[in-house]
Amino acid sequence: MKQNTKYMVTSGFLGAGKTTSMIAFAQSVNRRYGKAAILANDLGASNIVDADYTATTDVLTTSITGNCICYQHENLVDKLHQLKAEGAMVIFSDIPGCGIGALDNVYLELEKREPGEFDLMPFTCIVDPEHLRMIMPEKANLHLPSEMCFLLDAQMAEADLIVLNKTDLLDQNERDRRMAFIHTAYPDVPVMAMSARTGEGVDEVVDYLMTHKAPARHKEIGYGSEAFIAAENLLSWYNRRVFLEEKEDKNVDFNKVIGDIFEGIREGLKQHEDNVPHLKAFASGTDGDFFKASLLGIDYETEYARKLAHSYSALSVVINARAAADSQVMADIVEKALDQVEEKYNLKARTFFIETFGMTEEGKGNGGRASRY
Ligand SMILES: Nc1nc2c(ncn2[C@@H]2O[C@H](COP(=O)(O)OP(=O)(O)OP(=O)(O)O)[C@@H](O)[C@H]2O)c(=O)[nH]1
Ligand SMILES: [Mg+2]
């Protein structure tokens, strides 16, 4: 009997490791089951770090931009068919933004409108052990608005499977403490642990996903509630592609340039008492040389998934910020950080793409307000 294509959505908070996990899952499937694919989803028109980064891997990949897959069903189904036609037997995708609502908007819609077309794997929430401390009894202050706690909780409550990620950062005691908390808080949801970075526990999660089906039943998690809107109101998106060129055509170490841009943004956010759950940058050089960095908040070190192996006299850099800051404030902070590196490294910056918007900001769509005059 011909097997249906399996499909899964990962949810989770900003920077929890959804993209890294999908890559690890897909590589595990490729190695042990058959062909996997990733459908990377993000908000904004284009110039998305996650899509560029995922495309550097050996995994079959495509992306959906513009809006969350929750709100573009036909487009989602078209992309799934396209990946299926390219031989994918398992497809992983993620949801951007608040990270909730895909159970109703994706799983239940697929069951209703494309019954039997895709085998839905457990709806999986990826959890960052650091973020989790915000809602554990210690109520850790990570310099993020308290409204974010609603999202962390709702994401886990909505899931068919909770995966505690980044176990490489935890000792046994810290790991046990978090697993015990999740078990107690969400007693009906299975919990597993892994490190998408080192691969520890990834095959076990994939085996679970490959052998279980999503119940695909509505859960009441406060989607659209006042608490949800309060959290959504605080998040903003920033996407930019900027071409940085050394004015005298000299080679520059762009690892340092982008590192300095991140430090400038960190300083600006600190001054405004704002934060960025996930700031990302991607740049590609020649012959597969590329750069990818993440900053998961002003209090943490910048993480490098990859640094450039060579110097360049010019490079196109994609910067994405998923911030807990006003969109205009965020835009001004990035502008200032770019001005500083232009000066320091004798660069000329040309911006080819920029967009910035609050998640709920009026005017974000392509519509206006009727004139009263
Ligand atoms: N130590 C460690 N870091 C990880 C692990 N998984 C992901 N990361 C890092 O966490 C950061 C964020 O990972 P992403 O996969 O981009 O997270 P995400 O959930 O896709 O982020 P958004 O799409 O912006 O919400 C990156 O620097 C990753 O390298 C892990 O298992 N261990
Ligand atoms: Mg991602």
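Author: Domain bounds here come from an automatic or database domain assignment. The model is a predicted one.

Reader: What distance separates the centres of domain 1 and domain 2?

Author: The chain is divided into domain 1, covering 5-230, and domain 2, covering 235-358. Taken over C-alpha atoms, the separation of their centres is 26 Å.

Reader: How many residues of domain 2 are in contact with domain 1, and how do the residues on the domain 1 side divide by type?

Author: On the domain 1 side, 17 residues take part, and they are in contact with 24 residues of domain 2. The residues of domain 1 that touch domain 2 divide into 10 nonpolar, 6 polar and 1 charged.

Reader: Is strand β4 mostly covered or uncovered, and which residues lie on each of its faces?

Author: In a regular strand the side chains alternate between the two faces of the sheet. Of the 5 residues of β4 (residues 90-94), 5 are buried. One side carries V90, F92 and D94, the other I91 and S93, and both faces are covered.

Reader: Which strands pair with β4, and which residue is the bridge partner of I38?

Author: Strand β1 (residues 5-12) pairs with β4 in the parallel sense over 5 bridges, with Y7 opposite I91. Strand β2 (residues 36-41) also runs parallel to β4 and is joined to it by 4 bridges. In β4, the residue that partners I38 is F92.

Reader: Where does the largest nonpolar core lie, and which residues is A281 in contact with beyond its neighbours in sequence?

Author: This core has 113 residues, of which A26, I162, A281 and V334 touch the most other members. Both domain 1 and domain 2 give residues to the core, so it lies between them. Leaving aside neighbours within four places in sequence, the contacts of A281 are V49, I258, F291, A293, V317, V318 and I319.

Methods:
Residues are numbered from 1 along each chain as its sequence is written. Chains are lettered from A and ligands numbered from 1 in the order in which they are written. This is a predicted model: local features need pLDDT of at least 70, side-chain atom pairs count only at pLDDT 80 or more; totals for chains, interfaces and linings use all residues. A residue is buried if 20 or more other C-beta atoms lie within 10 Å of its own, exposed if 12 or fewer, and partly exposed in between; C-beta atoms are placed from the backbone. Helices (H or I, at least four residues) and strands (E, at least two) are DSSP runs, numbered from the N terminus. Two strands pair if DSSP finds at least two bridges between them. Two residues are in contact if their C-beta atoms, placed from the backbone, lie within 7 Å. Ala, Val, Leu, Ile, Met, Phe, Trp, Tyr, Cys and Pro count as nonpolar, Asp, Glu, Lys and Arg as charged, and the others, Gly among them, as polar. A nonpolar core is a set of buried Ala, Val, Leu, Ile, Met, Phe, Trp, Tyr and Cys residues joined through C-beta atoms within 7 Å.
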